[in-house]
Amino acid sequence: MKLRHLLAFAGLAVAVALTGTVQAAEKLKFAHVYETSESYHTWALWAADEIKKRSAGKYEMEVFPASSLGKETDINEGLGLGTVDAIWTGFQFAGRSYGPMSISGYPYVYRSVDHWKKFLKSDLFKDLADGYMKASGNKAITATYYGQRHVTSKKPVRTPADMKGVKIRVPDAPAYTAFPKATGANPTPIAFAEVYLALQQGVVDAQENPLPTIQAKKFYEVQKYINLTGHITDSLLAIIGGPRWQKLNDAEKKMFSEVFTEAAAGCTADIEKKEKDLVAWFESQGNIVTKDVDVAAMQKATAAFYDANPKDVPWPKEVWDRLQAIK
């Protein structure tokens, strides 16, 4: 009897020890919609490793890429439900909870990538993140660069006048139709999967996307000119869900913020390098890269469009003025 009791006690002790080991690490989920070959996934994995290291194993974060936990709308909803702890997501999706956050996804709100970087460190970004947190409960930490969107076409585009009457394919959303409307072009929504054929058959004259997308989707094969309009400086927010953020103590909040800020900076550097390398690559393919685009004139035309159509933009004028005042 004594031996049987001792064996039972020993088994219980082992089970408790094993249970304690399992419970020691809290399992977190980091979700995004990008492929495993992309920098966003590489740096999400890096962030997960760093969180485990810096928390001394208290937190273990698993990364779920390529919409494996749902589309972008789904993972945004998951933040508030606590089914997802962290995500990369576009400003437009955060803007569904707090409209002014959408400003970052609109054309020519930034003068340059450097302007965008300064915005991330500004009081304006902090205020927008606070507004988003009040509206959604979630914590926007920072953002990683996604790339500048450029126009490809059958003729060079240097000034707003060159855009007049051009039938350009854009996604069917206000942020993407604003630039064509501002420059007198004809925005034409077409399903993404059909863009190559539409360009090839002349259904549209032009399209716009970041350089990596232009390469990946082979749009350069059916568009001679790649015009560096840089009309949208796109980026992805790093957001921690409210249910998770509220459970972290102050030291942990600081640690998570530092890790995501470092991951975003690393990812940004990767994307910037890729963009730079692609200009030479497109030229090697026989494309003409129009580098002397009059961006200032494009910016002026777009700003005038915003002034004339205040109901078409989801931010108050004060937010626009503060963003433009960042030097």
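In which sense do strand S1 (residues 26-31) and strand S2 (residues 59-64) pair, and over how many bridges? The two strands pair in the parallel sense, over six bridges; two strands are taken to pair if DSSP finds at least two bridges between them. Helices (H or I, at least four residues) and strands (E, at least two) are DSSP runs, numbered from the N terminus. The model is predicted, and local features need pLDDT of at least 70, side-chain atom pairs count only at pLDDT 80 or more, and totals for chains, interfaces and linings use all residues. Residues are numbered from 1 along each chain as its sequence is written, and side-chain values use heavy atoms, with hydrogens and water left out.

Together with helix H2 (residues 39-54), S1 and S2 make a right-handed β-α-β unit. A crossover is right-handed if, with the strands pointing away from the viewer, the path from the first strand over the helix to the second runs clockwise. Within the strand pair, lysine 27 stands opposite glutamate 60 of S2, and the side chains of these two residues are joined by a polar contact of 2.6 Å. A polar contact is a pair of N or O atoms within 3.5 Å; within protein, one must be able to donate a hydrogen and the other to accept it, and residues adjacent in sequence count only if both atoms are side-chain atoms. Glutamate 60 counts as partly exposed because its relative accessibility is 24%. Buried denotes under 20% relative accessible area, exposed over 50%, and partly exposed in between (1.4 Å probe, protein chains only). Leaving aside residues up to four places away in sequence, glutamate 60 touches Ala25, Glu26, Lys27, Leu28 and Lys52, where contact means heavy atoms within 4.5 Å.

Threonine 144 belongs to strand S4 (residues 139-153). With a relative accessibility of 0%, threonine 144 counts as buried. A polar atom of its side chain lies 3.3 Å from the backbone oxygen of alanine 264, and its side chain also makes a polar contact of 3.5 Å with the side chain of threonine 268. The residues touched by threonine 144, not counting those up to four places away in sequence, include Tyr40, Trp88, Trp116 and Cys267.

Two packed helices are described by the angle between their axes and the distance between the axes. For helix H6 (residues 123-136) and helix H14 (residues 317-325), the angle is about 145 degrees and the axes are 10 Å apart. Axes are lines fitted to C-alpha atoms, for helices over the stretch in contact, and angles run from 0 to 180 degrees between N-to-C directions. On the H6 side, Asp123, Leu124, Asp127 and Leu128 meet Val319, Arg322 and Leu323 of H14. The residues of this contact divide into four nonpolar, no polar and three charged.

Helix H8 (residues 174-182) is mostly covered, with seven of its nine residues buried; among them are Tyr176, Phe179 and Pro180. Glycine 184, which follows H8, has a positive phi near 80 degrees.

Most residues other than glycine have a negative phi. Alanine 66, in the loop between S2 and helix H3 (72-81), has a positive phi near 55 degrees. Its relative accessibility is 34%, and alanine 66 therefore counts as partly exposed. Tyrosine 108 likewise has a positive phi, of about 50 degrees, and is placed in the loop between helix H4 (91-94) and helix H5 (113-120). Tyrosine 108 counts as buried, because its relative accessibility is 4%.

How values were computed. Nonpolar A, V, L, I, M, F, W, Y, C, P; charged D, E, K, R; others polar.
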